[in-house]
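Please look over the structure below.

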Amino acid sequence: MTTGSAPSSGSWWHQVKRQRAAGPWTVNALVTEGVLPPWQTVLSRGERCAFVSSTGADELRELADRARSAQSWDEFDTEYLAAAGVRARFERLQRAWPDL
């Protein structure tokens, strides 16, 4: 992971992977291949992380988009995590970041 900062937005951490031969980066693959677990410490400090890859990480992007769209935790939980597959991916992410 590398770090940098933008004047108004604080520190950003970047994880860069060229590609994934097994296909798109699923939430499970991002966890089991060690991409997401180190971010817990960074995120708990209020810093931001960016994942860059020539292979997509659509599941993570979808969760982030849904979280940004929700007005509250309750709305996110009841409306944006209503689909079983989306909730399962979110729960996998929660297990990777137990202290967030």
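How many salt bridges does a search of the whole structure find? It finds eight, a salt bridge being a side-chain nitrogen of Lys or Arg within 4 Å of a carboxyl oxygen of Asp or Glu.

This is a predicted model, in which local features need pLDDT of at least 70 and side-chain atom pairs count only at pLDDT 80 or more, while totals for chains, interfaces and linings use all residues. Residues are numbered from 1 along each chain as its sequence is written, and side-chain values use heavy atoms, with hydrogens and water left out.

**Helix packing**

- Helix α3 covers residues 58-69 and helix α5 covers residues 84-96. Helices are DSSP runs of H or I with at least four residues, strands are runs of E with at least two, and both are numbered from the N terminus.
- The two helices pack at an angle of about 95°, with axes 10 Å apart. Axes are lines fitted to C-alpha atoms, for helices over the stretch in contact, and angles run from 0 to 180 degrees between N-to-C directions.
- α3 and α5 are therefore roughly perpendicular. That term spans 65 to 115 degrees; under 35 counts as roughly parallel, over 145 as roughly antiparallel, and the rest as oblique.
- From α3, E59, L60, E62, L63 and R66 meet V86, R89, F90 and L93 of α5. Contact means heavy atoms within 4.5 Å.
- The residues of this contact divide into five nonpolar, no polar and four charged. Ala, Val, Leu, Ile, Met, Phe, Trp, Tyr, Cys and Pro count as nonpolar, Asp, Glu, Lys and Arg as charged, and the others, Gly among them, as polar.

**Nonpolar core**

- The largest nonpolar core has 22 residues, and L30 and L36 have the most contacts inside it. Such a core is a set of buried Ala, Val, Leu, Ile, Met, Phe, Trp, Tyr and Cys residues joined through side-chain atoms within 4.5 Å.
- α1 (27-32), α2 (39-44), β3 (48-53), α3 and α5 each supply at least two residues of this core.
- Beyond its neighbours within four places in sequence, L30 contacts W25, V35, L36, P37, F51, A57 and L60.

**Two arginines**

- R20 sits in the loop between β2 (10-17) and α1. R20 is buried, at 17% relative accessible area. Buried means under 20%, exposed over 50%, and partly exposed in between (1.4 Å probe, protein chains only).
- Not counting residues up to four places away in sequence, R20 touches W25, A29, E33 and T55.
- R48 lies in strand β3 and is partly exposed, at 46% relative accessibility.
- R48 and W12 are 36 residues apart along the chain, yet their C-alpha atoms are separated by 4.7 Å.
- Setting aside neighbours within four places in sequence, R48 contacts S11, W12, W13 and V42.

**Salt bridges**

- R61 pairs with D65, with the closest N and O atoms 3.0 Å apart. Both lie in α3, four residues apart, about one turn of the helix.
- D65 also pairs with R68, at 2.4 Å between the closest N and O atoms. These two are three residues apart in α3, about one helical turn.
- R61 is partly exposed at 44%, as is D65 at 29%, whereas R68 is exposed at 61%.
- D77 pairs with R87, the closest N and O atoms being 2.9 Å apart. This pair links distant parts of the chain: D77 is in helix α4 (residues 73-80) and R87 in α5, ten residues apart.
- D77 is partly exposed at 22%, and R87 is partly exposed at 26%.
- Shared partners join the salt bridges of D58, R61, D65 and R68 into one network.
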